[in-house]
Amino acid sequence: MTGFSIAGVRAQFPALSITDDGKSRIYLDNPAGTQVPQHVIDRATRAMIEQNANLGGAFVTSEKALALFDEAHEAAAQFYNAPATTDVFYGANMTTITLAMSRNLQKTLALSEGDEIVLSRMDHDANVAPWLLVAADTGATVKWLDFDTDTFEFPDDALDKVLSDKTKIVAVSYASNCTGTINDVKSMCSKARSAGAISYVDAVQFAPHGVIDVQDIGCDFLVSSAYKFFGPHQGIMYGRGDLLESMFSYQVRPPLEYGSPAKFETGTAPRETLAASLGAIEYIASLGDGDTGLPLSRNRIASGMHAAMGHEMALTRQMIGGLTSIKGVKVRGITSDNALARRVPTVSITMDGKNPEDMAKSLADKNTFLWSGHNYALEPINHMDLMKDGGVLRIGLAHYNTAEEVDTLLEQLEDLA
C-alpha cells in the first residue's frame, strides 16, 4: 500500500461493513480484541484446505504444513526482531503461555523462600496472577512497582527501590491495558539484568500500536497475542535463545529432543491459527513500503506499523481533546498533548455520577462497542481506588477507526453527561 488510506484499510475488514437494523457498528472494543482483515481469513481457510496435516510426513499436505510452520515462525521472529526463529514460539494465548512459562521458570530457577519477584500495579492480571501463584507455591516474596496516580507513570526510581540481590524475576507491561501508559521497558530490563534477574514483558497492549524490537529492549522474555493485532486467538512468545535452550519445560517427551520451539509448543500446533497469525503480520507489512513476499522484510513490517501509528496518533489527539472538554469526565491516563507518544490509544475514563457498565450498555444500544469494569486490570483499578465505583469505561482505537467515529462517540458521551 502506497500511503495510508483509511478507506483502503477499512475495505479489507469484512466486519466493518456490517450493520444492525441499519446502524453501522463502531468498534471501540479493540483492546480486548481487534477485527480481522480478509487476508487473515483467507490464510486460515487455505491452511484448513491445503495444509491440514501433521508434520514430518513424506506426503504433500505434510510438506505444505511444514512450510507454513516455518513461514509463521520466521514472520514472528521478524515481527519481534528476534535473532533466530528458534527464539519464538506459539501458544494458545498470552495468559496460557505465561502460566506455563511461570512454572517452567519456577523449576528452572529453583525458586524458594527468600527469593523475590517484582510485579507491577499497572499490569493485566495475566502478568500478575501466574507469578502470585508461583510465590504462593515457593514462599518467594512479591514486591510491587507502584505508579503515580496523578501522572499514570512510574517514577524513574520505582524499580531501583524494589530490586535487590534476591530478585529473580521482574514482570512488567510494555503498555497498560488500563491507563494506556507505555513503560520504559528497555531501562527496566537493563536494571533487571544488572541485578541478575529475569525480565518478562507483557507486550499484548503495545503490539497493535508500536514496533517491537526485543534486541533493542534487551528483555529475556516478551509475549503478545495475535488477536490484538488483527489476527486469530493465539499467543506469540519470544525468549532469549540461551535461556530457552537451558530451561526446563513441562512437555511430553518426543518434542524435547528437537529443542525450541517444539520444546515449548505443547500439542499439535493448529494450522489455521498459525496461518492466520502469519497473515496478520503480512497484513501489517502490507501497510508499509518495501519488499513484498516471504520471508517478510523486517523493515516493511516496521514501515507498516509506523503508517498505522500516524493515523492512530491523530485520532488519539482528537479523542482525548474531546474527552477532556466533557464536563464530569476524567481520563485515567496521560492527556498532555506533548506526552501522547508515551501512551497507546487505549483510554479509560470515568464520569461523575455514572456507572461504567451502565454507560457501556447505553452506548451499545447506539451500536458503539466498548468495555467497562476492571478489564482484568485488577491492580491498576484497585491502585486508583476505582473498583467500588465499577471500574472504568474503556475506549480503544485501532488504525481502522475514523475521525467520524470518534466524533460520534464524543457526541454520545456528551449526551450521557
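Tutor: Start with the whole chain. It has 15 helices and 15 strands. Its radius of gyration is 21 Å, close to the 22 Å that the globule rule gives for 417 residues, so the chain is as compact as a globular protein of that length. Along the principal axes, the C-alpha atoms fill a box of roughly 60 × 55 × 35 Å. Of the 417 residues, 54% are buried. Keep in mind that this is a predicted model.

Now the salt bridges. The structure holds 19 of them. Take E282 and R43 to begin with. Their side chains meet in a salt bridge, with N to O at 2.7 Å. Look at where the partners sit. E282 belongs to helix 11 (residues 271-286), and R43 belongs to helix 2 (residues 38-50). They are 239 residues apart, so this pair links distant parts of the chain. Is this pair buried or exposed? Both E282 and R43 are buried.

Go next to E153 and R342. Here too the side chains meet in a salt bridge, at 2.9 Å from N to O. This pair also links distant parts of the chain, 189 residues apart. Both ends are in loops. E153 is in the loop between strand 6 (141-145) and helix 6 (158-162). R342 is in the loop between strand 11 (329-331) and strand 12 (346-351). How covered is each end? E153 has a relative accessible area of 19%, under the 20% cut-off, so it counts as buried. R342 has 40%, which makes it partly exposed.

Turn to K388 and D385. They form a salt bridge, and their closest N and O atoms are 2.9 Å apart. K388 is exposed, because its relative accessibility is 60% and the cut-off for exposed is over 50%. D385 is partly exposed, at 47%.

Salt bridges can also join up into a network. R193, D220, R240 and D242 are linked in this way.

Some charged residues call for a separate look. On the surface, E404, D407, E411, E414 and D415 gather in a patch of negative charge. Take D415 as one of them. It lies in helix 15 (residues 403-416). With 63% relative accessibility, D415 counts as exposed.

Histidine is a separate case. H374 sits in the loop between strand 14 (371-373) and helix 14 (378-383). At 30% relative accessibility, H374 counts as partly exposed.

The loop between helix 10 (253-256) and helix 11 contains P261. A cis peptide bond joins S260 and P261, with omega at about 10°. A269 is in the loop between helix 10 and helix 11 as well. A269 is buried, with a relative accessible area of 17%. A269 and A65 are 204 residues apart in sequence, yet 10 Å apart in space, C-alpha to C-alpha.

D21 has a positive phi of about 55°, although it is not a glycine. Its place is the loop between strand 1 (19-20) and strand 2 (23-24). D21 is exposed, at 83% relative accessibility. F230 has a positive phi too, near 75°, and it is a residue other than glycine. F230 is in the loop between strand 9 (221-225) and strand 10 (235-239). Is F230 buried or exposed? It is buried, with a relative accessible area of 4%.

Terms used: Residues are numbered from 1 along each chain as its sequence is written. This is a predicted model: local features need pLDDT of at least 70, side-chain atom pairs count only at pLDDT 80 or more; totals for chains, interfaces and linings use all residues. Side-chain values use heavy atoms; hydrogens and water are left out. Patches are made of residues with over 30% relative accessible area and no salt bridge: like charges are joined within 9 Å, nonpolar side chains (Val, Leu, Ile, Met, Phe, Trp, Tyr) within 5 Å. Accessible areas come from the Shrake-Rupley method with a 1.4 Å probe; for residues, only the protein chains shown count as cover. A salt bridge is a side-chain nitrogen of Lys or Arg within 4 Å of a carboxyl oxygen of Asp or Glu. Lys and Arg count as positive and Asp and Glu as negative; His and the chain ends are not counted. The place of a charge is taken as NZ of Lys, CZ of Arg, CG of Asp or CD of Glu. Helices (H or I, at least four residues) and strands (E, at least two) are DSSP runs, numbered from the N terminus. Buried means under 20% relative accessible area, exposed over 50%, partly exposed in between (1.4 Å probe, protein chains only). The radius of gyration is taken over C-alpha atoms; the globule rule is 2.2 Å times the number of residues to the power 0.38.
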